[in-house]
Amino acid sequence: MALNLKDIVLATKTADVEFEGLPGFVVTIAAISRQVSQKLRTESEVTKINTTLRVPEKELDENKFIEKFAAAAIKGWKGLTYEHLAQLMLVDLSGVEDTSEEVDFSQENAVTLLTNSPTFDQWVNKHVFSLESFRN
């Protein structure tokens, strides 16, 4: 009996992936399909009036897109310490007594890390669009 591909395709899948170079920092990521990526982009578009041509144009609201992308792609993390955080982005840790303490996961923290750390942003993009990250 032949299977129809649409009957076996997965809409999404999650995987725990360790961030290379930061031992113990593991991020739970979700695969982003082409359809999901397009949906996120479409949902993040805003219509503005082109003042030169006086016609409406759609453009991407970067902040809205990052929020939606973070919610779709990053499902959690463990092991992100303040010490690790200082390697990913500029931070003022003068108020942190113990830099080995973990940073709590929240969608707001995920958006902040994606926005302020090109290294983390590139790493997330590399893994959510790679089938290899979800083969286990």
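Is E132 buried or exposed? In this predicted model, E132 counts as exposed because its relative accessibility is 57%, and the cut-off for that class is over 50%. E132 forms a salt bridge with R135, and the closest N and O atoms of the two are 3.0 Å apart. R135 also counts as exposed, since its relative accessibility is 55%.

The salt bridges of the model were then examined. Side chains of opposite charge can pair when their charged atoms come close. The count comes to four salt bridges. In one of them, the side chains of K68 and E43 meet with an N to O distance of 3.6 Å. K68 belongs to helix 3 (residues 62-73) and E43 to helix 2 (residues 34-43), so this pair links distant parts of the chain, 25 residues apart. K68 is partly exposed at 26% relative accessibility, and E43 is partly exposed at 34%. Together with K39, the residues E43 and K68 are linked in a network of salt bridges.

Another salt bridge joins the side chains of E59 and K48, at 3.4 Å from N to O. Because E59 lies in strand 4 (residues 55-60) and K48 in strand 3 (residues 45-50), the pair ties together parts that are eleven residues apart in sequence. With a relative accessibility of 38%, E59 counts as partly exposed. K48 is likewise partly exposed, with a relative accessible area of 44%.

Two surface patches were considered next. A negative patch is formed by E97, D98, E101, E102 and D104. Of these residues, D104 is found in the loop between helix 4 (82-88) and helix 5 (107-116). D104 counts as exposed because its relative accessibility is 60%. A nonpolar patch on the surface is made up of L3, L5 and I8, which together have about 350 Å² of accessible area. L5 lies in helix 1 (residues 5-8) and is exposed, with a relative accessible area of 64%.

T81 is found in the loop between strand 5 (74-78) and helix 4. T81 counts as buried because its relative accessibility is 13%, and the cut-off for that class is under 20%. The side chain of T81 reaches the backbone nitrogen of H84 at 3.0 Å.

Terms used. Residues numbered from 1 in each chain as written. Predicted model: local features only at pLDDT ≥ 70, side-chain atom pairs only at ≥ 80, totals over all residues. Heavy atoms only, no water. Patch = residues over 30% accessible without salt bridge, like charges linked within 9 Å, V, L, I, M, F, W, Y side chains within 5 Å. Areas by Shrake-Rupley, 256 points an atom, 1.4 Å probe, with all protein chains shown as cover. Lys, Arg positive; Asp, Glu negative; His and termini not counted. Charge placed at Lys NZ, Arg CZ, Asp CG, Glu CD. Helix = DSSP H or I, 4+ residues; strand = E, 2+ residues; numbered from the N terminus. Buried < 20%, exposed > 50% of the residue type's maximum accessible area, 1.4 Å probe, protein only. Polar contact = N/O pair within 3.5 Å; in protein donor to acceptor, adjacent residues only side chain to side chain.
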